[in-house]
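This report goes through one protein chain, from overall dimensions down to single residues. Please look at the sequence and the model before reading on.

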Amino acid sequence: MDYVTFFDGPSQQYPRIGEIYCGYNNEESTLGILIRSTGNTLTVVFKSDSLGSRTGFSASYRAIDCEPFTYGYETCNQNCSCIKANTDYCNNIDGRCMCNANWTGWDCSALIDRCQDPNICSDLYATCVNIPGGYECRCKPGLAKNSTGHCAELKKCTQKQCSHYCGLTETNPQTETCHCPKGMKLGNDTITCVECSDWYYGDDCAHYTQCYPSRTESYNKTNGLCHCFLNWQSTYCEEDFNECTFIKQPCVLEKDHAQCYNTYGSFECRCSPGFEPINETTCDECGKVFTATSGTINSTSHLVDRNVSQDCNWTISAPVGHVISLRFLAMNLCYWCCSYVYIYNGNHTNSVIWSGSYWPSSNLVRSSGNEMLIVQYPDWCDNRRDFIGFTASFWTHECPPNMYDDNCSTPCSCDVNNTIGGCNSITGYCPCKSGWTGSDCSVDIDECSQNYFLCPDYSRCHNLPGSHECRCKPGLVMGSNNVCIYDINSTNCTTRNCSHMCVSYTPVNKTSPVDQCYCPIGKELAGDQCIDCTDWKYGPDCELSTSCFRNHTAKYNSYNGQCSCYPNWTNTYCEDDYDECYYGTYTCQPHALCSNTYGGYVCYCNERYGYIEVTNSTCEHIDCKKTFTNETGAIINYFYNRWFVIQNSNCSWLISVRSDYVISLRFSTFYIESSYGCQNQYFEIYDGNSVSSRRIGRYCGSGIPSVIRTTGNNMLVRYVSDSSYYNYYYYGNFYATYTSH
């Protein structure tokens with residue numbers, strides 16, 4: 001591009017005159033252009049591009065005499081109307097006045113009111129005052145600038161307790177006025193400064209901010225500056241912020257599969273064709289239907305990025321007669337956030353094949369038909385970017401019955417007659433019919449030996465291949481309600497008086513009938529009478545032996561062998577000791593504790609609380625208040641060498657000797673719980689016969705005290721303990737001897 005510029009001086013560093021001139025193509029369009037310098041030098045600059053297809057320019061110039069504050073088109077023969085003192089210069093062509101910084105108007109006669117700007121004074125305690133040719137920031141009455149140039153108090157007020165500054169004026173009488181910084185105003189009490197109400201700011205909160213409230217996150221109550229919400233910008237937050245032009249756009253086509261579109265006060269990320277939104281900034285291929293014979297499904301960050309009300313699903317469709325196999329290559333789901341993958345037979349959610357947030361046991365999932373639906377349900381955890389979903393590969397193929405492995409090419413080993421629906425097409429596992437077991441379902445289960453109570457009274461169990469049969473005893477047949485009854489050739493007995501079932505029947509290879517007594521389960525014959533099984537036997541015909549511990553068992557059930565234990569024993573076979581102390585079924589004398597023993601328990605007195613066993617197995621408290629009058633003796637813990645002291649003790653030993661003697665006390669063993677100020681357990685020793693006497697000292701811990709001596713013939717020794725006793729931390733012992741001299 002070609003253009004011409006003009007500069008008001010000897011170089012391009014001087015102010016440019018007019019605009020950049022280009023594009024004129026005839027003489028008439030340039031006739032009105034007149035360029036004039038303010039001084040005696042003008043610089044003309046012409047620049048052109050490399051095309052060389054333009055003709056350039058031509059211009060004429062002439063020098064004229066042009067005094068300051070004169071103007072005119074051909075000659076400067078007219079006087080400017082500007083007030084010179086307020087004007088920088090007047091345009092020497094059209095006479096326009098160029099006012100200096102503090103004046104305005106066509107002739108620069110109007111003073112600009114700089115104090116209209118509420119932020120013209122930066123000092124928090126200064127106010128603006130207009131002066132000729134400008135303005136001045138003056139401290140509020142009674143305040144003055146300090147050494148740092150900021151308004152501050154001259155003296156401290158004596159009458160008003162202002163929350164901030166107090167101004168002391170020099171008038172008579174002297175007055176005290178409380179002043180607030182910008183952003184605050186005086187409250188009703190005239191001494192306390194309170195913050196400006198919402199959207200007001202400045203000195204005495206007199207100004208209302210121009211911020212758009214619904215688009216402004218906050219504002220400065222000192223100067224009214226607006227802090228916009230992220231979607232808005234400009235001085236007063238009135239302009240929409242175009243998020244799509246930001247360096248870090250909300251969505252990027254290559255990564256998020258979405259294009260950013262700006263909206264008024266926000267933005268939209270619109271998904272590319274074939275993609276669905278995960279959230280407001282990201283799209284993925286959820287809902288895709290795969291028809292290829294193999295492929296890969298990547299679930300990247302679905303559970304993190306999708307809204308909690310959304311899920312992500314994929315459908316795989318194979319030709320009719322084929323099945324679909326799917327193997328997970330990677331899985332990282334947040335199981336405690338309830339994020340799961342579900343795999344369904346068909347293209348609906350009626351039939352679940354597998355679900356979970358961990359790998360399947362064989363890491364292979366297979367449909368039974370030609371369609372499979374995979375659904376990943378989102379979690380409720382926020383910002384869990386360390387969970388990335390799953391990756392899986394799939395392939396379609398035929399899968400004939402009784403074949404298994406990745407492509408159903410290996411025959412199963414199952415016995416097809418004993419298997420339910422053939423083998424598992426993935427693992428080859430054989431699901432056996434009832435009555436069969438083994439890896440190939442070829443082993444018969446003997447139900448009769450596993451359950452002795454399958455059959456009713458007066459019958460016996462007989463095992464059959466894959467099943468069993470209950471056969472009634474001779475002379476009886478199985479009735480419709482699974483109860484043994486007389487057969488058509490049997491009658492009641494005529495020669496025997498049986499207590500239960502008596503049958504008269506003709507045995508095989510016999511011609512005459514016989515009378516036979518039968519007993520129900522749990523009983524045996526004693527003559528014609530059925531009695532309970534004996535000798536720890538039970539069950540049908542009393543053929544089974546109970547497993548009860550006989551010495552621990554009071555009785556047993558002859559029908560099913562169930563053991564009833566003596567009170568001191570427990571468990572299925574009465575093999576375990578019953579802890580009476582733990583379950584609270586013991587009886588002990590007052591102030592005694594329970595101790596479990598094998599098959600019983602014993603009671604013992606609670607020595608911790610100072611109880612010992614006396615006659616008649618009763619527990620009595622130890623007498624720990626003693627008086628000594630001998631000249632020598634010992635103060636000893638009742639449980640000395642057993643390393644514990646009585647809980648909640650308040651023991652005392654009064655030593656009283658001849659009036660002309662004093663008493664010395666020496667500890668040879670001392671171990672009392674240590675505590676701050678000896679508050680929990682302690683010895684107190686008094687120089688006299690009561691606690692009102694002078695206390696010599698209070699002692700605790702493990703350090704043996706020095707020899708303790710009275711000034712008179714009486715010494716009172718007290719031992720006090722609290723209820724603390726846990727493991728080995730709180731225990732104690734003591735032994736002391738005394739002499740008088």
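The model is predicted: local features need pLDDT of at least 70, side-chain atom pairs count only at pLDDT 80 or more, and totals for chains, interfaces and linings use all residues. Residues are numbered from 1 along each chain as its sequence is written, and side-chain values use heavy atoms, with hydrogens and water left out.

## Overall dimensions

The protein chain contains 4 helices and 67 strands. These elements are DSSP runs numbered from the N terminus, with helices (H or I) of at least four residues and strands (E) of at least two. The protein chain is more spread out than a compact globule, because its radius of gyration is 55 Å, well over the 27 Å that the globule rule gives for 741 residues. That radius is taken over C-alpha atoms, and the globule rule is 2.2 Å times the number of residues to the power 0.38. Along the principal axes, the C-alpha trace spans about 165 × 120 × 45 Å.

Of the 741 residues, 38% are buried. Buried means under 20% relative accessible area, exposed means over 50%, and partly exposed lies in between (1.4 Å probe, protein chains only). Contact means heavy atoms within 4.5 Å. Among contacts between residues at least 6 apart in sequence, 46% join residues at least 24 apart.

The charged side chains number 48 positive and 75 negative, and the centres of the two sets lie 9 Å apart. Lys and Arg count as positive and Asp and Glu as negative, while His and the chain ends are not counted. Each charge is placed at NZ of Lys, CZ of Arg, CG of Asp or CD of Glu.

## Nonpolar cores

A nonpolar core is a set of buried Ala, Val, Leu, Ile, Met, Phe, Trp, Tyr and Cys residues joined through side-chain atoms within 4.5 Å. The largest has 24 residues, of which Trp-653, Leu-665, Phe-683, Ile-685, Met-715 and Val-717 touch the most other members. Strands E61 (650-656), E62 (663-671), E63 (682-687) and E66 (714-720) are the elements that give two or more residues to this core. Another core, of 21 residues, lies apart from it and includes Ala-318, Phe-328, Ile-343 and Ala-392.

Val-717 has contacts beyond its neighbours within four places in sequence: Ile-635, Cys-651, Ser-652, Trp-653, Leu-665, Phe-683, Glu-684 and Ile-685.

## Selected residues

The table gives the relative accessibility of some residues.

| Residue | Relative accessibility | Class |
|---|---|---|
| His-552 | 11% | buried |
| His-397 | 8% | buried |
| Lys-160 | 30% | partly exposed |
| Gly-539 | 0% | buried |
| Asn-119 | 33% | partly exposed |

His-552 sits in the loop between strand E50 (544-545) and strand E51 (553-556). Its contacts, leaving aside neighbours within four places in sequence, are Cys-565, Tyr-566, Trp-569, Cys-574, Glu-575 and Tyr-598.

His-397 belongs to strand E36 (residues 389-397). With the neighbours within four places in sequence left aside, His-397 is in contact with His-322, Val-323, Ser-325, Arg-366, Asp-406, Asn-407 and Cys-408.

Gly-539 lies in the loop between strand E49 (537-538) and E50. Its C-alpha is 7.9 Å from that of Phe-453, which is 86 residues away in sequence. Phe-453 is also among the residues that Gly-539 touches, including Ile-521, Cys-533 and Tyr-559.

Asn-119 is in the loop between strand E9 (110-111) and strand E10 (126-131). Not counting residues up to four places away in sequence, Asn-119 touches Tyr-201, Thr-222 and Asn-223.

## Backbone exceptions

Most residues other than glycine have a negative phi. Cys-108, in the loop between strand E8 (103-104) and E9, has a positive phi of about 65 degrees. Ser-234 has a positive phi of about 85 degrees and is found in the loop between strand E22 (232-233) and strand E23 (239-240). Cys-108 is buried at 0% relative accessibility, whereas Ser-234 is partly exposed at 27%.
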